[in-house]
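Hi,

Here is the structure I said I would pass on. Have a look, and my notes follow below.

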Amino acid sequence: MTLSILGSVSTAAGEIIIAYVVLSVHSHIMKEKKVDSHIFAYMRRERTIGAIGIGLIILGLLLDILAKTYLV
C-alpha cells in the first residue's frame, strides 16, 4: 500500500510540474506581447483551464490517498 501511495504521489507531482512549466511558458509569452490579441485571449483561456487542471490533479491525488489509506 505504501508503494502504491508513493507511486500516486510521484505521478501527480510529475503532472503538476509539467503543467506548471507549460503555464509558465504561456505567462512569459503573454508578457512579451509579441502575439496578436486573438492568440493572447486564447492563451489566457488556456492558462485558466490549466490552473483548473492542476487543481483537479491535486484533488484526485488526495482522494486516491484517502481511498487507499482508509478504505483498505
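Which helix gives the largest share of the nonpolar patch? Helix α1 (residues 2–32) does, with five residues; helices here are DSSP runs of H or I of at least four residues, numbered from the N terminus.

Before the rest, some housekeeping. This is a predicted model, where local features need pLDDT of at least 70 and side-chain atom pairs count only at pLDDT 80 or more, while totals for chains, interfaces and linings use all residues. Residues are numbered from 1 along each chain as its sequence is written, and side-chain values use heavy atoms, with hydrogens and water left out.

The nonpolar patch on the surface consists of I17, Y20, V21, V25, I29, V35 and I39, and together they have about 600 Å² of accessible area (Shrake-Rupley, 1.4 Å probe, only the protein chains shown counting as cover for residues).

V35 sits in the loop between α1 and α2 (37–70). V35 counts as partly exposed because its relative accessibility is 32% (buried is under 20%, exposed over 50%, partly exposed in between).

K33 is in that loop between α1 and α2 too, and is exposed at 63%. With K31, R44 and R47, K33 forms a positive surface patch (Lys and Arg count as positive, placed at NZ and CZ).

Over in helix α2, L62 is partly exposed at 49%. L62 and G14 lie 48 residues apart in sequence and 15 Å apart in space, C-alpha to C-alpha.

Cheers

Methods: Patches are made of residues with over 30% relative accessible area and no salt bridge: like charges are joined within 9 Å, nonpolar side chains (Val, Leu, Ile, Met, Phe, Trp, Tyr) within 5 Å. A salt bridge is a side-chain nitrogen of Lys or Arg within 4 Å of a carboxyl oxygen of Asp or Glu. Helices (H or I, at least four residues) and strands (E, at least two) are DSSP runs, numbered from the N terminus. Buried means under 20% relative accessible area, exposed over 50%, partly exposed in between (1.4 Å probe, protein chains only).
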